[in-house]
Amino acid sequence: MSAQHHEHHDAHDDIGYHATVRGYVTGFVLSVILTAIPFWLVMGKVLPAGATAPVILGFAAVQVLVHMVYFLHMNAKVEGGWSLLALVFTAIVVVIMLAGSIWVMYHMNTNMMPVDPQTMRNMGMS
């Protein structure tokens, strides 16, 4: 019985990542920095109006990666890489859905009939 327990314990040592206080503190500090910088950029009106959204989205994407690595402990070694593969698949599906939705909405807006009073009178709809 003791040998089985020892073998079982050894199998859990190969998970690939062990959480440490230092890792959590590093993740927390990075998260605070990645929140404070965009906040300062917006509140201080440092960026021009057209550049604000892409910069904020860039900081958000980096912060998502920090959370996944330091708090969710996702890397290629955990669970034989399956959790990372599932994340990549999910990201691909989300990108396809968002891009498709934006594409459809853009083309619907572009191809819709203009609705102004003159056009409606000309068509006999008023």
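**Entry 1**

I work here with a predicted model, in which local features need pLDDT of at least 70, side-chain atom pairs count only at pLDDT 80 or more, and totals for chains, interfaces and linings use all residues. I number residues from 1 along each chain as its sequence is written, and side-chain values use heavy atoms, with hydrogens and water left out.

I placed F28 in helix 2; helices are DSSP runs of H or I with at least four residues, strands are runs of E with at least two, and both are numbered from the N terminus. I then found F28 in a nonpolar surface patch of about 610 Å², made together with V21, V25, V29, V32, I33 and I37. For such a patch I take residues with over 30% relative accessible area and no salt bridge, joining nonpolar side chains (Val, Leu, Ile, Met, Phe, Trp, Tyr) within 5 Å and like charges within 9 Å. A salt bridge here is a side-chain nitrogen of Lys or Arg within 4 Å of a carboxyl oxygen of Asp or Glu. Accessible areas come from the Shrake-Rupley method with a 1.4 Å probe, and for residues only the protein chains shown count as cover.

Beyond its neighbours within four places in sequence, I list Q63, V66, H67 and F71 as contacts of S31, a contact being heavy atoms within 4.5 Å.

I found Y24 in helix 2 and noted that Y24 is partly exposed, at 36% relative accessible area. With residues up to four places away in sequence set aside, Y24 touches A19, Y70, F71 and H73. From Y24 to H67 I read 9.8 Å between C-alpha atoms, across 43 residues of sequence.

Within helix 3 I marked Q63, V66 and M68 as buried. The cover over the buried residues of helix 3 includes helix 2 (21-43) and helix 4 (82-111).

I located V46 in the loop between helix 2 and helix 3. V46 is partly exposed, with 42% relative accessible area, and touches W40 and L41 when residues up to four places away in sequence are not counted.

**Entry 1: Annotated spans**

I checked the unreviewed UniProt entry, whose annotation "transmembrane region" covers residues 21-43, 49-72 and 84-106. Its positions are given in the numbering used here, feature names are shortened, and annotations may be inferred rather than shown by experiment. For residues 21-43 I found 100% helix and 0% strand, with the end C-alpha atoms 32 Å apart. For residues 84-106 I found 100% helix and 0% strand, with the end C-alpha atoms 33 Å apart.

**Entry 2: The chain overall**

I counted five helices and zero strands in the protein chain. Buried residues make up 11% of its 126 residues. Of the contacts with a separation of 6 or more, 59% come from residues 24 or more positions apart. I recorded an accessible surface of about 10200 Å² for the protein chain, 74% of which belongs to carbon and sulfur atoms.

Methods:
Buried means under 20% relative accessible area, exposed over 50%, partly exposed in between (1.4 Å probe, protein chains only).
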